[in-house]
Amino acid sequence: MFRFNGGMYELNGHFGASYVQGDSLAIQGVQSSFVHRFDRPDQDHVSFDPSRTSLFGLSGSVQFSKNSGKHWLYNAGIWADSPNWELNDIGRLGLADDIQQWAGLTYRSTEPGKLFRNYRLRVNSGNGWNFGGVHKGSWVQLSTNFTFLNFMWVNPFTGRNFDTMSDNLTRGGPLMGQPGNNWAGLNFGNNRSAKTRWSINTFFNNRNGGFTRNLGGSLSFEPGERVRVSFSPSYRRRTNRLQYFTTLDRATDRTFGQRYIFSTVEQSTISTRFSLNYSFSPDMNLDVSAEPFTSSGAFSEFSELPKAGSFDLRRYGTDGTTLTEVVDADGNREFAVTDGAESFTLDNADFTSLSFQSRVVLRWEFKPGSTFFFTWRQSRSDFESVGDFVTPGSLFDAFSSPGTNTLSVKFSYWLPVS
């Protein structure tokens with residue numbers, strides 16, 4: 001990292017190399033994993049080699065920013081992970097074969113005026129490619145933040161993703177068009193340093209012909225000098241019309257002899273987090289947290305990718321195909337599809353998931369550097385093949401789900417060395 005002009009300007013970056021070695025079966029697993037997808041059928045810049053026993057990869061970045069000044073700030077950078085870059089033996093890597101570029105410009109005012117104590121306007125954009133030159137992402141966003149004279153704040157933002165190609169929507173299959181979408185949100189709240197703090201968060205987008213609607217918030221207050229309580233509920237409703245469902249063999253070489261099947265999924269999610277902190281003394285405190293969670297998904301409108309790189313899907317039930325819902329005597333559902341001389345079935349994937357996680361931690365520092373911890377954890381979960389929309393009352397079902405309780409004690413003692 002290099003800083004110039006008293007820290008006003010900053011230049012930093014990184015360079016790394018990775019090397020993994022193993023028998024051919026182990027390296028096959030790395031090559032075909034979701035991180036690499038070397039076996040994707042329509043790519044020409046990497047290849048799947050079943051006899052390979054090692055991978056050598058590189059990663060690097062360069063970033064430049066102006067971090068201080070009266071009004072104008074900016075930053076720009078580029079980050080690249082080569083196709084062979086692999087860290088999952090010692091860390092976590094979500095995606096290799098990736099190049100990301102970004103830039104941003106900010107105008108701010110930190111001097112109080114007639115209406116605002118301070119405000120900030122920022123525009124930033126970015127692009128993404130793989131090492132084969134496929135343009136995987138392109139976006140622009142405008143965000144603002146205004147703090148009023150009474151320290152209340154508001155943060156509206158909006159942006160757009162542009163039409164690009166995706167090399168992972170088909171989960172190892174060919175390229176697929178990724179339609180553009182718009183998004184917008186509004187977050188606002190009161191004084192962040194007040195004893196009673198609240199905020200509301202909203203987000204909307206129209207991704208893939210569907211939509212996402214998020215509504216959340218938080219409330220934190222201190223009813224006494226030694227206690228702090230917080231509560232953070234969240235609700236999400238989502239319709240995704242490009243949800244990958246499964247891959248099946250097909251009799252022809254259309255889309256490389258595979259059917260890449262997608263579905264519309266209607267999802268709803270509700271969660272809330274509760275926490276309490278109580279200080280008995282400067283050396284002893286109690287932390288309690290609890291988080292019930294419920295989510296559901298209902299699948300319908302099955303389709304397939306008609307050709308590599310297509311933005312449109314071939315919907316079952318049209319174009320000479322049929323789609324029939326079948327329910328057996330036990331009430332189990334599946335979907336029967338015919339396409340000319342071929343026929344196959346798709347399992348019902350509807351779900352409702354319940355979860356409840358809680359933790360109680362008592363911490364006592366009985367002498368400087370020496371601490372005793374007592375922890376009780378409870379974990380509950382349940383699942384059923386029903387996709388009905390969840391309601392706030394569904395959260396209470398999580399409390400009665402099957403689960404486990406774990407008690408643990410940790411003790412540390414500081415040994416002075418003179």
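This is a predicted model: local features need pLDDT of at least 70, side-chain atom pairs count only at pLDDT 80 or more; totals for chains, interfaces and linings use all residues.

1. On the surface, a nonpolar patch brings together Phe-2, Phe-4, Phe-64, Trp-72, Tyr-74, Leu-105, Val-123, Val-140, Leu-142 and Phe-162. Together these residues have about 900 Å² of accessible area. Strands β1 (2-4), β4 (72-81) and β7 (135-148) are the elements that give two or more residues to the patch.

2. Tyr-74, one of the patch residues, lies in strand β4.

3. The largest cavity holds about 90 Å³ of space. Its lining consists of Phe-34, Val-35, His-36, Arg-37, Arg-40, Gln-43, Leu-95, Ala-96, Asp-97, Asp-167 and Asn-168. By class, that lining has four nonpolar, three polar and four charged residues.

4. The second largest cavity has a volume of about 40 Å³. Around this cavity sit Asn-205, Arg-207, Asn-208, Phe-211, Thr-212, Arg-238, Thr-239 and Asn-240. Two or more of these lining residues come from each of β13 (211-224) and β14 (227-249), and β14 has the largest share, with three residues. The lining divides into one nonpolar, five polar and two charged residues.

5. Now the open spaces. How much space lies in the largest pocket? The value is about 400 Å³, and 25 residues line this pocket. Nearest its centre are Ser-166, Asn-168, Leu-169, Gln-178 and Arg-207. Asn-168 also lines the largest cavity, while Arg-207 also lines the second largest cavity.

6. Strands β5 (98-109), β7, β9 (164-166) and β14 each supply at least two residues to the lining of the largest pocket. The most come from β14, which gives five residues. By class, this lining has seven nonpolar, 12 polar and six charged residues.

7. The second largest pocket has a volume of about 150 Å³. Of its 13 lining residues, Arg-241, Leu-242, Thr-264, Ser-303 and Leu-313 are the closest to the centre. Elements giving two or more residues here are β14, β15 (258-281) and β16 (284-304); β15 has the largest share, with three residues. The lining splits into five nonpolar, four polar and four charged residues.

Terms used. Residues are numbered from 1 along each chain as its sequence is written. Side-chain values use heavy atoms; hydrogens and water are left out. Patches are made of residues with over 30% relative accessible area and no salt bridge: like charges are joined within 9 Å, nonpolar side chains (Val, Leu, Ile, Met, Phe, Trp, Tyr) within 5 Å. Accessible areas come from the Shrake-Rupley method with a 1.4 Å probe; for residues, only the protein chains shown count as cover. A salt bridge is a side-chain nitrogen of Lys or Arg within 4 Å of a carboxyl oxygen of Asp or Glu. Helices (H or I, at least four residues) and strands (E, at least two) are DSSP runs, numbered from the N terminus. On a 1 Å grid over the protein atoms alone, a cavity is a set of points where a 1.4 Å probe fits but cannot get out, and a pocket is an open set with protein on both sides within 12 Å along at least five of seven lines; lining residues have an atom within 4 Å of a point. Grid points are joined across faces, edges and corners, and a volume is the space filled by probe spheres set on the points. Ala, Val, Leu, Ile, Met, Phe, Trp, Tyr, Cys and Pro count as nonpolar, Asp, Glu, Lys and Arg as charged, and the others, Gly among them, as polar.
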